[in-house]
Amino acid sequence: MTPQAPAACRPLFVVGSARSGTTLLYHTLLSAGGYAIYRGEPAIFDLLQPRYGDLRYRAARARLLREWPRSHLAHASGLDDRQACEALLGSVSSNGSFLRAVMDRIAARQHVGRWAVWGPDNLLLMPWIKRELPDARFVHMVRDGRDVALSIGTEGWIRPFPWDRGSEALVAALHWQWKLRRGRRDSARLGGDYMELAFEDLVANRAAALARLATFLGHAIDEAAVNASAVGTLSDPNSTFSRDGSAPVGRWRRRMPSETLARVEAAIGTTLEEFGYGRSTDIAPVRAGLSSMLYPMWFSLKHALRTHTRLGRRVDPRRLRLDEGAAPPMTEHDAFARG
C-alpha cells in the first residue's frame, strides 16, 4: 500500500451536487490560510482522464502534453511551460500522481503545506480517487434539494426528456438525489476520511460549521482570517451564495410554485428526510411518476459512458479553455455542463 503523507499534506476534495455550496466551501478554505490558492478546477479524474486516458501509459501522457500546457487548467497552476510539463509528466505514473505533482508544486511555490481540490463531479468518483490517492479526504457539501432544484432548474442546465419539458426543477431534483445517494453509498468505503457539511450550517451557523471542519481537517480555521482574506465568492458573492445568512436558505418556500413543489417532494421526499430536511407540511402529496425511475438510470448511463468508454475522448476541447491565458476560474456551471 502507498504510504500516507503527513496530515498537513493530505489531499482534500470538496465535492457535492452543483449549486450545493462547493465553491463557497473551497473559497472559505483558501481564505482561511495554509492552503494553496488555485483559482480553478484541476478536473483530473472527471475531465482529463476521460479525454486523454490512463496516464500510466506513454500515449496518454503524450496526448495530454499536446493540449494541457495551453489550457486554463495549466495557466491557473502556473505550470504551463512545455518543458516544465514534460518534466512533470515524465515523473508521474497515474492520474492521481499527476494531480499530486501539480498541486504539490503550486503549494511549494506559495510556501504552504496543504492543498484542496474543488470539483463537484468528484463526488461520483470518490472510490477511484481513493485508490489512486489513499490518503485523500473528502468533504461533501449538502444542500436542501429543493433549493438546488430551484437554482439549477432556473438556469436550465439539464435537458429534460421531451415529455418533461417545463419540468426542469423536477429533473434537477432527481439529479441532486442521484448524486447524493451515490455519494453516501460510496462514503461507507471511506471511513473517517469522509464528512458531510450542510450548506445551511456554513451560511447561517458558520462558526460551528468551521469548528467541525477544523476538527475533521486537524487544521485550525480562524473565522476572522476568513473574513479578512475573503477569497473569491466570499468577497463577491453571487445570488446563490449571498453573505446574507437568510437569503439562500429556504428560497424554495418563497419561489417554488406549489404544483412543482408537490412533484419535487414526491420524487425526492425520502432523500430529503434522510438528510434531515423533511417535507413541506402544507403541500398535498402526489404520486411520483415514471420519470423518478428513468432519470437516475439515464444519469448513471451517461456517467458510465463518459468515464469508462472511449466516448470520454470526445470531451469538447473548448471545455479545457485552450489558449485563454487569463481565463476566469471554472464555475459550477462549467463542471455541471460536462455531465
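## Exercises on a predicted model

Four strands make up an open sheet with parallel pairing, in the order E2-E1-E3-E4; strands are DSSP runs of E with at least two residues, helices are runs of H or I with at least four, both numbered from the N terminus, and two strands pair if DSSP finds at least two bridges between them. This is a predicted model, in which local features need pLDDT of at least 70 and side-chain atom pairs count only at pLDDT 80 or more, while totals for chains, interfaces and linings use all residues. Residues are numbered from 1 along each chain as its sequence is written, and side-chain values use heavy atoms, leaving out hydrogens and water.

**Exercise 1.** Decide whether serine 292 and methionine 297 are buried or exposed.

*Solution.* Step one: buried means under 20% relative accessible area, exposed over 50%, and partly exposed in between (1.4 Å probe, protein chains only). Step two: serine 292, in helix H15, has 19% relative accessibility and therefore counts as buried. Step three: methionine 297, in helix H15 (residues 291-308), has a relative accessible area of 54% and is therefore exposed. Step four: serine 292 touches Leu174 and Ala267 (heavy atoms within 4.5 Å), where residues up to four places away in sequence are not counted.
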